[in-house]
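This briefing sets out computed features of one protein chain for use alongside its sequence and coordinates. The points are grouped by topic.

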Amino acid sequence: MVLLVLGAVLGCVGGLGGYFFMPTRVMPSDHMRPTHPTGASVVFNLLTVKVNRGDVVLFDAAAWGEQHLSVERVVAVGGDRIAYTPGDRTLTLNGKPLDEPYVLNGDPVAGSPGAFSVTVPEGRLFVLGDNRGNSADSRYRFQESQGGTVPVSDVKGALIDEGHPLVVGLRSAALAGVAVLGAGAVFGAASLRLRRRAGAAAVHPAYAGLVPPPGV
């Protein structure tokens with residue numbers, strides 16, 4: 001009984017935390033290359049409470065007039081000014097060149113449609129793909145939303161490394177829970193058989209199989 005309860009607890013906690021609240025998704029396009037190419041498995045922490053610059057987030061694209069979840073990298077948060085001037089080799093964040101070692105071919109301004117300067121409203125995010133030459137990101141959304149930004153409230157989760165101790169621990173707990181449940185079921189069945197045998201052995205051989213007379 002103890003094993004069954006323990007297995008159920010481990011399975012529920014690990015399963016909910018490791019698989020429901022930290023689901024694995026597959027990148028559907030190459031707009032996040034080279035960091036996360038098409039077909040790559042990525043894990044998102046749906047319990048994220050704060051979004052920072054540099055985070056790769058899963059968000060509802062409703063602010064862009066689309067009905068699907070999208071994945072982009074946060075490059076500016078509320079209060080930041082993100083800008084680009086044609087001819088510059090980088091974007092600028094709050095007046096300083098933005099270092100982005102993760103972009104494809106080391107070209108953070110590839111595909112930029114023209115000059116822009118956006119002061120991100122509080123509670124919103126300016127997001128871009130790592131493959132700047134093939135990403136329909138905030139640079140192309142100025143007509144749909146405030147400065148092409150998306151609300152922080154539309155963020156569903158932030159990418160977390162698949163080898164992160166939290167992910168590994170919770171998923172291991174889920175697997176351990178299944179194993180403990182199995183062991184509990186086996187031991188429970190074995191214990192039941194032993195009790196039945198012990199009960200049968202306790203019957204006196206002189207009366208075994210006899211029906212007691214009336215009044216006894």
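Arg73 is placed over the face of the Tyr102 ring, at 3.9 Å from the ring centre. This contact, like everything that follows, is read from a predicted model. The protein chain comprises 216 residues, of which 38% are buried.

**Aromatic contacts**

- A pair of aromatic rings is described by the distance of the centres and the angle of the planes.
- The structure contains 4 aromatic pairs.

- The protein chain has 2 helices and 11 strands.
- Along the sequence, these elements follow the pattern α-β-β-β-β-β-β-β-β-β-β-β-α.
- Strands of a sheet pair through backbone hydrogen bonds, either parallel or antiparallel.
- An open sheet is formed by 7 strands in the order β1-β2-β11-β3-β4-β9-β10, with antiparallel pairing.
- Its edge strands are β1 and β10 (150-151), each of which pairs on one side only.
- Arg124 has Pro151 of β10 as its bridge partner.

**The sheet of 4 strands**

- A further open sheet has 4 strands in the order β7-β6-β5-β8, and its pairing is antiparallel.
- Here the edge strands are β7 (96-97) and β8, each pairing on one side only.
- Strand β6 (residues 92-93) and β7 run antiparallel and are joined by 2 bridges.
- For Thr92, the bridge partner in β7 is Pro97.

- Val57 is located in strand β3 (residues 56-60).
- Its relative accessible area is 0%, so Val57 counts as buried, the limit for that class being under 20%.
- The C-alpha atoms of Val57 and Val127 are separated by 8.8 Å, although the two residues are 70 residues apart along the chain.

**Backbone geometry in the loops**

- The peptide bond between Arg33 and Pro34 is cis, with omega at about 0°.
- Pro34 is part of the loop between β1 and β2 (41-45).
- Asn94 is not a glycine, yet it has a positive phi of about 55°.
- The loop between β6 and β7 contains Asn94.
- Asn94 has a relative accessibility of 42% and therefore counts as partly exposed.
- Asn105 is likewise not a glycine and has a positive phi, of about 60°.
- The loop between β7 and β8 contains Asn105.
- With a relative accessibility of 71%, Asn105 counts as exposed, since the exposed class begins over 50%.

**The largest pocket**

- Rolling a probe the size of a water molecule over the atoms shows where empty space is left.
- The largest pocket holds about 270 Å³ of space.
- Its lining consists of 17 residues, and those nearest its centre are Pro28, His31, Leu69, Ser70 and Val71.
- Two elements, β1 (24-26) and β4 (69-77), each give two or more residues to this lining.
- Strand β4 gives the most to the lining of the largest pocket, with 4 residues.
- By class, the lining of the largest pocket divides into 8 nonpolar, 5 polar and 4 charged residues.

Key:
Residues numbered from 1 in each chain as written. Predicted model: local features only at pLDDT ≥ 70, side-chain atom pairs only at ≥ 80, totals over all residues. Heavy atoms only, no water. 1 Å grid on protein atoms, 1.4 Å probe; cavity = no way out; pocket = protein on both sides within 12 Å on 5 of 7 lines; lining within 4 Å. Points joined across faces, edges and corners; volume = space filled by probe spheres on them. Nonpolar A, V, L, I, M, F, W, Y, C, P; charged D, E, K, R; others polar. Phe/Tyr/Trp six-rings, centres within 6.5 Å; stacked < 30°, edge-to-face > 60°. Lys NZ or Arg CZ within 6 Å of the ring centre and 35° of its normal. Pairing = 2+ DSSP bridges. Buried < 20%, exposed > 50% of the residue type's maximum accessible area, 1.4 Å probe, protein only.
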